[in-house]
Amino acid sequence: GKEDTWEEAKKDLANVDFIKTLIKFPKDDITDRTLRRMQPFINDMELVPEKLKTVSSAATALCTWIRAIESYARVYRIVQPKKDRYQKALFELNEKQNLLEQSKNELLNIQTNIEKLRLDYESKLKEKDVLQRNADETAMFLDRATKLLDGVAEKRTIWDTTSNELKENLDNLLGNSLLACAFLSYMGPFLSNYRDEIIHQIWEEELTRNDIRFKTDFNFAKFMTTSSVIRQWNIQGLPRDNFSTENAILATHTFSYPLCIVVRKEKPDLENSKDNCIVNISNKHKEKEILEEQFLRLLSETEGSLLENVKVFQALDLSKQSQNDINETLKINEDLEIKIDLMRDNYRSVAQRAAILFFVLQDLTSIDPMYQYSLDAYIQLFVLSIEKSPRSLKLNERIEKLNDYHTYTVYKYGCRSIFERHKLLFSFHICTKLMDAENRINHDEYQFLIRAHTLTIDRETQFPNPFPMWLNEIRWDEMSELIRLPDYRFLRDSFDQFPKDWKEWYTSEDAEKTPLPGTIDSLITEFGRMLIVRCLRPDRITHCVLNFVTLNIGSKFVEPPILQLNSILEESNKRSPLIFLLSPGVDPAPKLQQLAEDKMMAQSRYFTLSLGQGQAPRARKLLEAGMKKGHWVFLANCHLSISWLSELEKIVEQLQTVAVHNDFRLWLSSSPTNDFPISILQIGLKITNESQKGIKANMKRLYELITPEQFQRVKQDEKYRKLLFTLAFFHSIVIERKKFLQLGWNIHYTFNDSDFQISENLLAIYLDTHDKIPFEALKYLIAIVIYGGHCTDEWDMRLLNTYIDSYIRNEVVEVMYYKLSSLAYYYMPRDGTFKLYKDFINAMPTTDHPEAFGQHPNADIASQIQESKTLFDTLLTVLPQNTSATVEKEVENEVNK
């Protein structure tokens with residue numbers, strides 16, 4: 001026999017016939033010795049079926065069998081002797097019955113043969129049925145196998161491609177992850193082309209140098225998200241270009257946000273059709289993905305033969321049946337989407353214009369910390385332009401009108417919130433950006449215009465100054481750099497050919513208008529003329545810039561609109577503060593007080609508080625009461641309470657969510673400061689309230705302060721209207737004279753609108769109370785008391801008296817078209833209606849000649865040079881600091897709607 005070892009036992013257990021061995025086990029031949037050897041195991045209470053059930057069902061069954069065999073062996077020793085006796089008796093009985101049995105057997109054999117034949121017949125019938133079922137099943141499996149092979153063959157190419165892509169992505173995972181992380185961290189502020197340049201020309205080269213594998217055609221959007229997620233974003237309004245998708249990912253993973261201006265407001269039906277297309281396409285793609293995923297899941301989860309899993313073939317059939325419908329629906333919707341996109345593309349120029357203007361506003365933030373503009377506020381402004389701009393059935397006309405309207409709306413919006421010294425810059429920036437979008441700006445020329453005074457001169461290669469007697473070296477330094485540009489090299493020869501003409505042009509009063517020597521005007525653009533003026537006559541460059549803006553986008557863009565608090569109030573709401581940006585000598589309080597009186601808010605509903613130390617609790621109480629009761633609250637001089645502005649920021653933030661009375665308005669004023677909360681500036685309406693630049697602009701503003709009723713209130717109405725005109729002219733002259741710097745006033749004075757209003761009121765009273773105009777009294781009170789109250793210099797007082805003698809005198813009311821200056825266009829208009837006077841003012845020159853102030857024509861050279869330097873220094877701050885000029889051109893192309 002075998003050894004009683006575990007190894008032998010394992011062999012027996014591993015025998016495929018082990019069960020049969022147990023069944024055929026010679027249980028009757030168990031010896032006593034074997035029983036004794038089994039006894040310890042039988043007595044072991046740990047080896048009982050009840051306990052082995054928790055360990056192994058096989059062990060339980062084997063234990064049960066062993067115990068049964070052991071019980072059988074013991075019973076066998078008792079039963080066997082009885083069986084022997086039984087067998088002996090049975091043998092005798094059998095012999096007695098053999099004869100009987102032989103007879104019966106013959107009959108039984110016959111019956112058996114009959115039964116056997118019957119059974120054989122039934123067996124053959126069953127075998128036939130089995131064979132038929134097997135044949136049918138085989139045919140079915142063959143059909144299924146064919147379908148499966150055909151179905152898988154269609155998808156094999158896709159699966160192979162996907163498998164290869166997954167393997168490639170796994171190999172490139174480290175490099176791709178580094179690129180994606182870097183993109184998330186640093187790419188938010190950059191434009192599309194610059195992003196591509198950084199990735200492919202800098203980062204990928206760095207990865208290659210460090211032997212880090214990455215996908216050569218790395219796509220940030222595909223790496224970071226799935227097509228189904230992108231389609232959901234498209235449904236929600238995200239444009240389908242790659243740049244917008246990148247921005248959406250940045251918006252969901254970082255704090256960068258895309259600018260989204262769409263056609264929905266202009267053409268809602270078109271946008272709804274577009275939305276439906278996107279939804280249908282997305283749903284069909286999703287349905288396609290679900291069927292694909294279901295089929296793959298069934299393939300992976302099936303145990304045994306795939307041919308036996310009916311669900312696999314049901315899914316395959318459903319996939320095939322749905323595929324045609326899906327593809328047809330996708331084609332119809334994708335074709336429709338293309339047609340819709342073609343129609344929407346007609347509005348792309350509107351979106352580009354809107355994007356350009358938004359970025360122009362954003363550029364202003366680098367000039368002054370108070371110039372902050374939010375995207376939400378800008379979109380509201382854009383929607384307002386869509387609603388209010390002139391309509392037209394012709395699409396091209398409608399787009400042109402909408403663009404023109406919105407451009408001027410942005411100009412007015414920007415002018416209202418920036419200081420006077422920045423308004424020409426703002427106009428020029430709008431103009432050049434719009435021209436750049438139309439490829440009408442040479443970037444080398446633009447960079448030269450902005451940076452001419454900062455260029456480093458190469459003295460070794462510099463051309464010699466052709467006019468050292470009258471052209472100083474600083475002017476020639478800039479000019480010598482200009483003639484290095486390819487389109488201006490011809491100027492060098494013109495210096496030799498027309499030296500006399502160049503000197504005449506150089507010494508002319510209006511160099512920006514005077515023809516250049518020879519045929520130069522026909523060889524250069526208006527921008528080129530501006531470059532020459534920039535180099536040789538910087539004192540005239542602001543006039544040149546003004547003419548350039550007027551020529552290209554219109555004169556209305558160099559005539560800032562008059563501040564009208566009433567219209568600003570109409571634009572405001574209870575949740576957005578109105579913020580006055582203060583400048584020296586300007587106090588918005590009187591105008592705001594007047595507005596409150598006009599709106600019946602002055603008595604018990606208008607509260608003012610000048611902030612400062614210890615005023616925070618009172619300000620808090622005023623705001624709490626005002627929000628509940630609908631008061632106007634004016635918190636002046638916020639810059640004097642910097643520490644409290646963080647709490648004010650929280651209050652303004654609460655205004656956006658809590659219940660607020662509809663009449664509540666929060667007015668603020670502050671001098672420019674870096675500490676003013678940006679969130680308040682972005683959500684608020686910013687207002688500057690300083691005197692405008694130029695005689696014309698100031699007179700327009702002053703006449704806006706006068707009501708038509710006020711214009712007719714005096715008995716001696718004609719005399720009042722004429723003297724009112726000269727008083728406004730006097731005030732404008734006094735205000736604007738500061739532009740001459742030291743040649744203007746010996747000391748800087750803060751003349752303001754209150755001086756004019758008091759003088760106007762005094763004029764009305766004296767004309768009503770005196771039949772004969774008391775000119776001397778009026779001149780004394782206006783020049784010595786009211787305006788002279790600001791003066792501390794004897795010569796400045798003398799100048800005021802000289803001006804008042806020229807404008808407040810009998811000839812003003814007696815002489816037709818009395819001249820107010822040696823210049824032809826400054827004179828008393830013909831008396832008439834309020835509108836006639838305003839129209840006359842509108843027709844006055846936009847720029848002022850020094851002679852209008854009684855000055856020498858050269859008096860403003862120093863101030864003009866300083867103004868031009870300030871203009872270009874400020875423009876430098878709005879340009880990208882470390883990018884090429886070509887980057888500037890990308891702005892309008894980054895928003896595809």
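L581 stands opposite S670 in β4. This is a predicted model, in which local features need pLDDT of at least 70, side-chain atom pairs count only at pLDDT 80 or more, and totals for chains, interfaces and linings use all residues. Residues are numbered from 1 along each chain as its sequence is written, and side-chain values use heavy atoms, with hydrogens and water left out.

Visitor: What joins β3 to β4?
Guide: Here too there are 4 bridges, between β3 (residues 632–636) and β4 (residues 665–670), and the two run parallel. L635 stands opposite L668 in β4.

Visitor: Why are β2 and β5 called edge strands?
Guide: The open sheet has the order β2-β3-β4-β1-β5, with parallel pairing. β2 (606–610) and β5 (685–688) each pair on one side only.

Visitor: What makes β4 mostly covered?
Guide: Buried means under 20% relative accessible area, exposed over 50% and partly exposed in between (1.4 Å probe, protein chains only). In β4, 6 of 6 residues are buried: R665, W667 and S669 on one side, and L666, L668 and S670 on the other.

Visitor: Why is the unit of β3, α28 and β4 called right-handed?
Guide: A crossover is right-handed if, with the strands pointing away from the viewer, the path from the first strand over the helix to the second runs clockwise. β3, helix α28 (residues 645–655; a helix is a DSSP run of H or I, at least four residues) and β4 make such a β-α-β unit.

Methods: Two strands pair if DSSP finds at least two bridges between them.
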